Structures are given as structure tokens and as C-alpha cells.
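Take a look at the model below. Start with the fold of one chain, then turn to the pair.

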Protein chains: 2
Amino acid sequence: MSAPLHQRVDIALGERSYPILIGPRLLEDASLLGTHITARSLLIVTNETIAPLYLAKLQNALQGRRVATLILPDGEQHKTLESYSRILDALVAERMNRDAAAVALGGGVIGDMVGFAAASYQRGIDYVQVPTTLLAQVDSSVGGKTGVNHPRGKNMIGAFHQPRCVLADTSTLQTLSPREYRAGLAEVVKYGFIRDSAFLKWIEANVDGLLAREDSAVMHAVRRSCEIKADVVGQDEREHGLRAILNLGHTFGHAIETASGYGNWLHGEAVAAGMAMAAEMSMRLGWLQQAENDRVVHVLKRLGLPIAPPRIGVQRGRELMGMDKKVLGGRIRLVLLKGLGHATVVDDYADPALEATLQAHFG
Amino acid sequence: MSAPLHQRVDIALGERSYPILIGPRLLEDASLLGTHITARSLLIVTNETIAPLYLAKLQNALQGRRVATLILPDGEQHKTLESYSRILDALVAERMNRDAAAVALGGGVIGDMVGFAAASYQRGIDYVQVPTTLLAQVDSSVGGKTGVNHPRGKNMIGAFHQPRCVLADTSTLQTLSPREYRAGLAEVVKYGFIRDSAFLKWIEANVDGLLAREDSAVMHAVRRSCEIKADVVGQDEREHGLRAILNLGHTFGHAIETASGYGNWLHGEAVAAGMAMAAEMSMRLGWLQQAENDRVVHVLKRLGLPIAPPRIGVQRGRELMGMDKKVLGGRIRLVLLKGLGHATVVDDYADPALEATLQAHFG
């Protein structure tokens, strides 16, 4: 059986380097899996939504190994120390040793929890990511961040732990709801905004193919997103500076998500509206031209993403932005654009530009 | 106030290098603490036994910072994910940010749990160790191992995370029970056996000063132990090979501890009897002379340590040794001595030597 066409991005991190493989039907490809998953004992962790769709296919392609499975409930509300503990219990119950590997089959929640469990089981075993959402394929695949939420803060507990390999099976995106798929596209176009105007142009020219989830368009979008994120993270693995540009739209978006109650706005939707706000503020500061701002708004609209946040009130918006982890010394650090393809992290912006932006959108 | 005399060992790990300071009354020394603990917000974690003895002194010496405290129950049975979770809850409740540090005031259990919580809170904050047992001062201070137990295995969950600094206040050893103090000496003399015959000679010449807990003797013993462990760990940080020699006596000792029910034999006591067994087996293999074996037994006896394990039976002993994590491919790897000061990790020893040793001690 010949391997289906796929693309590959190599994440260069010395000893911890790993490949991201991108293409259709990868998780059914026994020979590809045989090459990239070398552990003889595996625990596949997935959730109740994903299991009926893909678990049997993946197990089938992994025949010949010792494969145990754990199915967790679906949803961000289950991204807890308790679920993490269940993964560890399963690893212990299956007597997995240090040569075993964990496999995360699902979206970002599963990936983050399994990564953290793998980071801490016997002080670190291998894990493989099989992300099944667009957001997870373009965001969680790169960066090594793993963890769970605390009742009083998202991602408060975790570790940096790199996967051995990421299998981004683009066929799994076909089963996403249109809304969830579009929310993933917000993160894709973000990479264009912050770092690559050529990629932004490509997205503008391929909106239809992306919305239709055509293999070639999706593969290119995932590949280029991973490359850009890898470039940024490679220069700042432990998040001391540059890496913050990946949060374009996230501080405004965090206020939107929190004010609306988590789940009412999808993360990508809030980020889209947040990016529209960041672009407008950049324009008010004279860093972005009107035509550039219009392009931001236009491409977000064409991708079916919201550009106007709910009117949560200026004061409430400020407060919720201030609760963000990105606050340093009381002042809100923001990611803004100095031209399309050039994001920057600033805390010495002119306050009236922020005030006017909050008035226009939250007021 | 002039700083009291103290000794210093520098653990060289690149960016993660840190000092171990060793001497009397260090935890009361505000100027020393000011130099080595730079975080402005601290969470001190300790236990119910240690808190009444040293917590106020340490807090007093840290005046001028924001200091929160958490007091956990004492004992290995509390080295759990639940206690770990309580430390994380305290960090969140006190709104500690990434610049805060955790301080572990106590023995190895507190140090391991606080280290793991620090490793995972916001994916890693600083922590400082203030070990108050001899075992923790000579063992947990070096190596970066942190973690908690799982109901089905010790230290199954954790991380490698180096402290910012270790303050080994030798005055705290005065409040240890004689039995617990002597159990710590087992790990001290172990460093002589595995790596440094000159240190072994020094111990033989200073047994009285050590048993009397004289400052100068204790400081030298702690310093030299940390130096030797640092040398071994520095060559094998992630425990791929050499580091296993630190487990001299531990595989036999593990069987003794388990068969007796944890707590009936202290870890150091079981290691002492285990080292006597390892020495005898080394002699049976022709790797250690009779006179060398006699020195091992003699110094352990003089330190008030047991050299004869309980008669747990050969078969049961074998089984319990086989449950140890050090098993590779079914064969029990053992740390043995090729002369005093030269430990080696082997799995190709002659079986009759093991059998005879088990018969002589467990049979």
C-alpha cells in the first residue's frame, strides 16, 4: 500500500526535534505510523466525541503493539487535575514503563492533558499527538505547552514537553462543525497577520478552497501555520519575549470570552473579533494604514468570523483584560500590528488609542 | 550581624546552576537569605512537625517580602497528588505570579512535592529547598528529582526541576531523633562506598563527631556528600546510566522495606542492610576483598545502623526485588562494588553469588 501524499514540517529543537506530518487519512496509515511511533506499548487517550469516529481506525493501524485506551468526557470543563489523574491511573494500571508512549487523539484539550500526563509519568515518557481539530493542528502541534486548568485560572498547571511526533490528519477536519472549523481558521489567518504577508495574500486568494476544506488548501494552511509558529517558538521556547506575538487578538478576546461566559463565543471567534480590535487600535496609533485595516476586517468576514464583539462595557472590558496573565507591572501589554505581517508586543502605546478602541467596540 | 560560617557547593548546570549553602543557623540569617532568595513573593510549604520548630524563624528572616504559608500533614503517606493539588491551590489563592517562588521547609517528602508543584505551576516557577533532615540534605538537595507517589508505586508522578538554591541548615539536624539521624548517615557513608575511598576513611576517623552531630563534622559530611552526588548526576542528569550507582543497597533495601511494611524499617536502615548485602555479594564475586567487606560492615555498625535484614525468605526477597523499577528485560540489575570507592551497575553477574547472598540474609 503506498502512503498517501502528505507534507512534513520538522521542528528543530536539538534532541527534542520532531516531525509534523500533514495530510489526509494519516491515522489509518499503518506503515507511516510504524515509522513514526516506535514505542511497543501505547496508551491512546481520546474523548467520547472522537472515539466513535476515529479510535478503531487508529487502533487498527497500530496492530501488533500493546495498545490500551482511555476515553474521557469531552469539553474544556474536563481539562482538570482530575482528568489528568485518570490518565496517570491508566498508565499505572496498564503497567506502562518508561519506554511506553501516550497518544493524544483529539483536540487541544486532550492534547494538553495527555502531554502533561506524559511529562510527569515517571518524570517523563514520550507522547504522540493526533490532533483532530483545525485549532489543535495549527496551534497545539507546536510549542510544547501542556497542562490543565485550575478552577481559578486557565492553564495554570502544566509543563513544557515536546511530542515525539504530530500526525495532523486533515481528513478528521471533515467532521468538524462549520462553526468550529471557521474558528480554527481565525488562528490560521493570525499567522499571516503577525508574521507573513505573503501567507495572508495566499489566504485571501484561497478563502473558497479553505471554506470548502479542500485537501490541498487545508494542507498548505496547516503546514504554513506550523512553520510560522515553529519559527517564533524556536526563537523563544520558554516564552520570554517574541512568543507573545502569537497572542494577537487574545487579550481583547479573553475579555470577550470571559464576559460572554466560556463556550458562548468559541476561542477562535473571540480571537477574530480581538484581532479586528487590535488592528483598529494599531491604525489609531498610525502603525497600520486604513487600507490594511480594511483587509484585516474583510478577510475575517469572508472566513465567516465575527469582527464585532458584544457590548460588554469599557470598564468591564478593561477589567477583564487586566485579569489576563499578560499584565506586567499593572500595565496591559498588547500585541499590535506595525504593518501587515509585522506584530509587535508593546506596553508604551498612547492610552487614548486604547480608550477609543474600547469605546468603539465595547462601549 | 556577621554571617555565620558556612560552606558552599556549586551545582553546575548551565542556566540552571545553583548553590547549596551548608552551615548552622542558616535559616535565621536574614542577610544570607536576602542574597539567595530574590523573589518578592514566596509561599513557604512545610509540615505539622516542622512548622512549630522553624517556620517562625524562617518567616522572621524573610521580613519585607510577601510571605504566605501552607502547613501539610507529616508523613510519606501524604506524598500524594492530593497534597500536590493543595500546594497549587495555595499558589493560586495567593495570586502568585511567575516571578514568585515556593520554599520547601522540611524533609524529602516536602521537598519532592513542593518541587513538583513549582515545576508545574504556570509551567514552572522557582523554588528553594530548606531541607531539615540529614537524608534530605545529602540526597534531595542534588539531582532535581521531584514528585509524588501513586497508590500503586512510589515517585511515579513528577518532574525534573532544579531548585534556585538549597539552604542546608545543619542546626535543624539537632532536633532529629537519633534513629532518623543515623538513617541519614547511611546515605552519607554510601557516597564513600560508591565513589570516594578517602571520604570513607574520613568517616571512619570521625564516627564519634558525626554521632555527636558536631557542626564541623556534619558540615563536612553534608558538603562532601553533595559534591559526590553532584559529580555523578552532572554526568548523567536524566538517569540513563551512571546515576544508578547512587542506588547502592537500594534494590535489596527495597525488598526489606516492602516486606516489613513501609515505616517499620526507615529507608536509610534498609539501605544500610542492603549495602551490607551488596558488599557481601561483591566479595562472593571476587570483586571485594574480605578485609574491605569487613570495613563496610564495621563502619555501618559503628554508625548504629543495622547490617542484618529480617528473614523474609529467598523467594519473597527475589520477588520484591523484581518489582523494583531497576528491572530491565526481566533480569535484576544490581549496584555492586569493585573495591571500596568504586560502584558499578551490572546485570551479567554470576547467579550463584546472588543466590548465596539471598540465602545467607533472607533465607
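## One chain

Chain A holds 14 helices and 13 strands. Its radius of gyration is 20 Å, close to the 21 Å that the globule rule gives for 363 residues. Chain A is therefore as compact as a globular protein of that length. Keep in mind that this is a predicted model.

Along the principal axes, the C-alpha atoms of chain A fill a box of roughly 65 × 40 × 35 Å.

## Inside the fold

How many of the 363 residues of chain A count as buried? The share is 51%.

Now consider contacts in chain A between residues at least 6 apart in sequence. Of these, 73% join residues at least 24 apart.

## One residue up close

Find A:Q315 in the model. This residue lies in helix α13 of chain A, which covers residues 314-322. Is A:Q315 buried or exposed? It has 11 other C-beta atoms within 10 Å. A residue counts as exposed with 12 or fewer, so A:Q315 is exposed.

A:L358 is 43 residues away along the chain, yet the C-alpha atoms of A:Q315 and A:L358 are separated by 8.9 Å.

## Two copies

Now bring in chain B. A rotation of 180 degrees superposes chain A on chain B, with 0.0 Å of shift along the axis and an RMSD of 0.1 Å. The two copies are thus related as by a two-fold rotation axis. The same surface serves both copies, and 100% of the contact residues of chain A recur in chain B.

Definitions and conventions
Residues numbered from 1 in each chain as written. Chains lettered and ligands numbered in written order. Predicted model: local features only at pLDDT ≥ 70, side-chain atom pairs only at ≥ 80, totals over all residues. Least-squares fit on C-alpha atoms with pLDDT ≥ 70 in both. Contact = placed C-beta atoms within 7 Å. Helix = DSSP H or I, 4+ residues; strand = E, 2+ residues; numbered from the N terminus. Rg over C-alpha atoms; globule rule 2.2 N^0.38 Å. Buried ≥ 20, exposed ≤ 12 C-beta atoms within 10 Å, placed from the backbone.
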